[in-house]
Amino acid sequence: MKTVEIDPIITETPKRATKEAVIEINNLYKSFGTLDVLKNLSLKLYDGENLVVLGKSGSGKSVLIKCIAGLLRSDSGSINVYNQNVLAMNRSQLDEVRQKIGFLFQSGALYDSMTVRQNLEFPLKRMKKQLKQTEINDKIIEALENVGLPDVIDKMPSQLSGGMRKRISLARTIVVDPMIMLYDEPTTGLDPITSDEISVLINDIQKKYKTSSIIITHDIECARMTADRLIMIQDGEVYEKGSLSKFEKSTDNVIKSFFK
Ligand SMILES: Nc1ncnc2c1ncn2[C@@H]1O[C@H](COP(=O)(O)OP(=O)(O)O)[C@@H](O)[C@H]1O
Ligand SMILES: [Mg+2]
């Protein structure tokens, strides 16, 4: 149902989403003290797809992707990433899985005291120790070109607009070639035009890097532009899942409140 024009710099044909699950979550529970955030949540992310996760503020969306990335430990259930249960892993196995996952935090979280180049160099040097400096430089330039900002390489984050910082955060995430992308509210705090540019970029990255992505958002325009499939979370469980048209045609009041 995507209606987005593909950025002309990306020439590869989109890989069609297959029915192979790269993430499979079953019966996930996560509480903080007496607060039950995730209650029996199950979902699949298929290879190559953009899965949009909708849900009210505080419904557990960020907690969900933090559990997937191993930043939070869930209480019970299973999270399989490429058929391996994250919850049963030791630290070194977990580190290996984390290398496959790119996490775009809501805050962006660039290092303010580093240039754009240094911000991108940092994860490369930590995670791709085998690379030579020339290869590192090439990867940095390629990632910046893929977010449309090759010219800001020597700038400081404070010299960039909010939309540009978001693009650089995205470049810093993709520079290490993640197979799975987790986007936490990628357009929040951006104006509508910049938000649309980020949504286009999310689709570009899906095609160029062949990533499978979970996109958490309450920006319905971002959902419309990026979703191959949607899931809505309510009270810690999957409330509805399916195509964009299924959601848009829904007569359910909870769903309609998002699509007005
Ligand atoms: N580390 C934490 N400790 C305690 N409570 C938390 C923590 N992280 C999230 N929560 C609570 O869990 C609920 C879901 O949070 P979150 O996943 O961030 O919601 P959202 O859907 O807006 O991303 C909220 O009530 C939040 O206050
Ligand atoms: Mg959140």
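Reader: What covers the buried residues of α6?
Author: The cover includes β3, α5, β7, β8 and α7 (220–226). Contact here means that the C-beta atoms of two residues, placed from the backbone, lie within 7 Å. Helices (H or I, at least four residues) and strands (E, at least two) are DSSP runs, numbered from the N terminus. This is a predicted model, in which local features need pLDDT of at least 70 and side-chain atom pairs count only at pLDDT 80 or more, while totals for chains, interfaces and linings use all residues. Residues are numbered from 1 along each chain as its sequence is written, and chains are lettered from A and ligands numbered from 1 in the order in which they are written.

Reader: Which residues of α6 are buried?
Author: They are Ser 195, Ile 198, Ser 199, Leu 201, Ile 202, Asn 203, Ile 205 and Gln 206. A residue is buried if 20 or more other C-beta atoms lie within 10 Å of its own, exposed if 12 or fewer, and partly exposed in between, with C-beta atoms placed from the backbone.

Reader: And how many residues does α6 have?
Author: Helix α6 has 17 residues, and the distance from its first C-alpha to its last is 24 Å, close to the expected 24 Å at 1.5 Å a residue. The expected span is 1.5 Å times one less than the number of residues. After α6 comes Lys 210, with a positive phi near 55°.

Reader: What do β7, α6 and β8 make?
Author: Together, β7, α6 (residues 192–208) and β8 make a right-handed β-α-β unit. Right-handed means that, with the strands pointing away from the viewer, the path from the first strand over the helix to the second runs clockwise.

Reader: Staying with β7, how many of its residues are buried?
Author: Five of the five residues of β7 (residues 180–184) are buried, so this strand is largely enclosed by the rest of the structure. Ile 180, Leu 182 and Asp 184 are on one side, Met 181 and Tyr 183 on the other, and both faces are covered.

Reader: In what order do the six strands of the open sheet stand?
Author: The order is β6-β7-β8-β3-β9-β10, with mixed pairing. Two strands pair if DSSP finds at least two bridges between them. At the edges are β6 (101–104) and β10 (237–242), each of which pairs on one side only.

Reader: How do β6 and β7 pair, parallel or antiparallel?
Author: They pair in the parallel sense, over four bridges. Gly 102 stands opposite Met 181 in β7. β7 also runs parallel to β8, joined by five bridges, and Leu 182 stands opposite Ile 214 in β8.

Reader: How many bridges join β3 to β8?
Author: Four bridges join β3 (residues 50–54) to β8 (residues 212–216), and these strands run parallel. Asn 50 has Ser 213 as its bridge partner in β8.

Reader: Where is Lys 56 found?
Author: Lys 56 is in the loop between β3 and α1 (61–68). Lys 56 counts as partly exposed because it has 15 C-beta neighbours inside 10 Å.

Reader: What order does the open sheet of four strands have?
Author: That sheet runs β2-β1-β4-β5, with antiparallel pairing. Each edge strand, β2 (35–46) or β5 (84–85), has a single partner strand, so one side of each is left without a neighbour in the sheet. Within this sheet, β1 (residues 21–32) and β4 (residues 76–81) pair over five bridges. Asn 26 stands opposite Ser 78 in β4.

Reader: What about Asn 27, buried or exposed?
Author: Asn 27 counts as exposed, with 12 C-beta neighbours inside 10 Å. This residue is in strand β1 and has a positive phi of about 50° although it is not a glycine.

Reader: Where does Asn 83 lie?
Author: Asn 83 lies in the loop between β4 and β5. Its phi is positive, about 65°, although Asn 83 is not a glycine. Asn 83 is exposed, with 10 other C-beta atoms within 10 Å.

Reader: Last topic: which residues of α3 are buried?
Author: Val 116, Asn 119, Leu 120 and Leu 124 are the buried residues of α3. Seen down the helix axis, they fall within an arc of 130°, so they line one face of α3. The arc is that of the directions from the helix axis to the C-beta atoms. What covers these residues includes α4 (133–146) and α5 (162–174).
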